[in-house]
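Please read the points with the structure open beside the text.

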Amino acid sequence: MPLGAARFGLMAGETSVEVQYLVIAGGAGGGGNSGIGPGGGGGAGGYRNSYASESSGGGASTETPLTLDKSTNYTVTIGGGGADETNGSNSVFSTITSTGGGKGGAGNPATGGSGGGGGAGAGSASGAAGTSNQGFAGGNAFGTSPYAGGGGGGASAVGANASGSAAGNGGNGLASSITGSSVTRAGGGGGGAQGATTGSGGSGGGGNGDSNTAATVNTGSGGGGGVANVGAGGSGVVILRYPSSNTISVGAGLTSSTSTVGSDKVTTLTAGTGNVSWS
């Protein structure tokens, strides 16, 4: 029996349900496309996880599952990914909020769930910080020729600093088996470059530098930085795991799917805002 299922059996009561969660915010867009030099990669959305003994973002330990009253509505919001040089949006489940990723900088990046990478258009801009217990900081830019942006922060690692020969790679994401199989999400975007090698996106869906391909949807990963081609951030996701003796109701405005994994059900919410409840 999975560890999560064992804890459910011990703690869930007749009028309540214990819910394990993975809440990932939208990843940020990469920086650039402003005529002032290559930008840094976007930071991944904040990563908050209560499943089994897995990690949360930023090197944090697993969080505590929520024990929720049945027949009560709880808010869910799936954060959207940021466009060019724009922060991602927060994702929410009940009292749990994950912070949208910080934009990569064409000049200066932004703090977020994970921080955006610094851009080379404002000298050697430093990467921005991540949010405590959600994600890591972005990397620094290299602000003299050949110009290169820093990598966006990921859920499990900082974005790499740029050098005189290469932009920074995005920080790697984190793996979770809350759905029954291991999936890595929330990688940072790679930095853009001008006369140097572009940065690669971090594992878990981060966008590559100087690519107009967006980060992978529903991973909360950051988009790649660039000069003319900048990647958008990936949308977030909320995944809920609970005992199969309970039935979830998903309100209008939310896109979801539910599967059975062992003695649990897993509901994955991939878009929208609305309420969920259990009976």
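This is a predicted model: local features need pLDDT of at least 70, side-chain atom pairs count only at pLDDT 80 or more; totals for chains, interfaces and linings use all residues.

The points below take up a strand, its partners, the charged pairs, the aromatic rings and one loop glycine.

1. The values quoted here are computed from it.

2. Start with β1, which spans residues 16-24. How many of the residues of β1 are buried? The count is 9 of the 9, so the strand is largely enclosed by the rest of the structure. In a regular strand the side chains alternate between the two faces of the sheet. In β1 both faces are covered. One side carries Ser16, Glu18, Gln20, Leu22 and Ile24, and these are all buried.

3. **Ser16.** This residue belongs to strand β1. Is Ser16 buried or exposed? Its relative accessible area is 11%, and the cut-off for buried is under 20%, so Ser16 counts as buried. Residues up to four places away in sequence are set aside for its contacts. With those left out, Ser16 touches Thr67, Leu68, Asp69 and Lys70.

4. **Partners of β1.** Which strands pair with β1? Among them is β3, joined to β1 in the antiparallel sense over 4 bridges. In that pairing, Glu18 stands opposite Thr67 of β3. Thr67 is also among the residues that Ser16 touches. Strand β11 runs antiparallel to β1 as well, with 5 bridges between them. There, Ile24 faces Val237 of β11. Strand β2 pairs with β1 over 3 bridges, again in the antiparallel sense. Val23 has Arg48 of β2 as its bridge partner.

5. **Salt bridge Glu63–Arg48.** Side chains of opposite charge can pair when their charged atoms come close. The count of salt bridges here is 2. One of them joins the side chains of Glu63 and Arg48, at 2.9 Å from N to O. Arg48 sits in strand β2, while Glu63 lies in the loop between β2 (47-49) and β3 (66-69), so the pair ties together parts that are 15 residues apart in sequence. Both Glu63 and Arg48 are buried.

6. **Salt bridge Arg241–Asp264.** Arg241 forms a salt bridge with Asp264. Their closest N and O atoms are 2.8 Å apart. This pair links distant parts of the chain, 23 residues apart. Arg241 is in strand β11 (residues 237-243), and Asp264 is in strand β14 (residues 264-278). Arg241 is buried, with a relative accessible area of 1%. Asp264 is buried as well, at 1% relative accessibility.

7. **Aromatic rings.** A pair of aromatic rings is described by the distance of the centres and the angle of the planes. How many aromatic pairs does the structure hold? There are 3. In one of them, the ring centres of Phe93 and Trp278 are 6.4 Å apart and the planes stand at 70°, so the pair is edge-to-face. Phe93 is in strand β5 (residues 91-93) and Trp278 in strand β14, so parts 185 residues apart in sequence are tied together. Both Phe93 and Trp278 are buried. Tyr242 also pairs with Trp278: the centres are 5.6 Å apart and the planes are at 75°, so this pair is edge-to-face. Tyr242 belongs to strand β11 and Trp278 to strand β14, so the pair ties together parts 36 residues apart in sequence. Tyr242 is buried at 0% relative accessibility, and Trp278 has a relative accessible area of 1%. Ring pairs link Tyr21, Phe93, Tyr242 and Trp278 into a cluster.

8. **Gly116.** Where is Gly116 found? It is in the loop between β6 (96-98) and β7 (147-148). Gly116 is buried, at 0% relative accessibility. Leaving aside neighbours within four places in sequence, its contacts include Gly41, Gly43, Gly102, Pro109, Ala128 and Gly152. Gly116 and Gly27 are 89 residues apart in sequence, yet their C-alpha atoms are 9.8 Å apart in space.

Definitions and conventions
Residues are numbered from 1 along each chain as its sequence is written. Side-chain values use heavy atoms; hydrogens and water are left out. A salt bridge is a side-chain nitrogen of Lys or Arg within 4 Å of a carboxyl oxygen of Asp or Glu. Helices (H or I, at least four residues) and strands (E, at least two) are DSSP runs, numbered from the N terminus. Buried means under 20% relative accessible area, exposed over 50%, partly exposed in between (1.4 Å probe, protein chains only). Rings of Phe, Tyr and Trp (its six-membered ring) pair if their centres lie within 6.5 Å; planes under 30 degrees apart count as stacked, over 60 as edge-to-face and the rest as tilted. Contact means heavy atoms within 4.5 Å. Two strands pair if DSSP finds at least two bridges between them.
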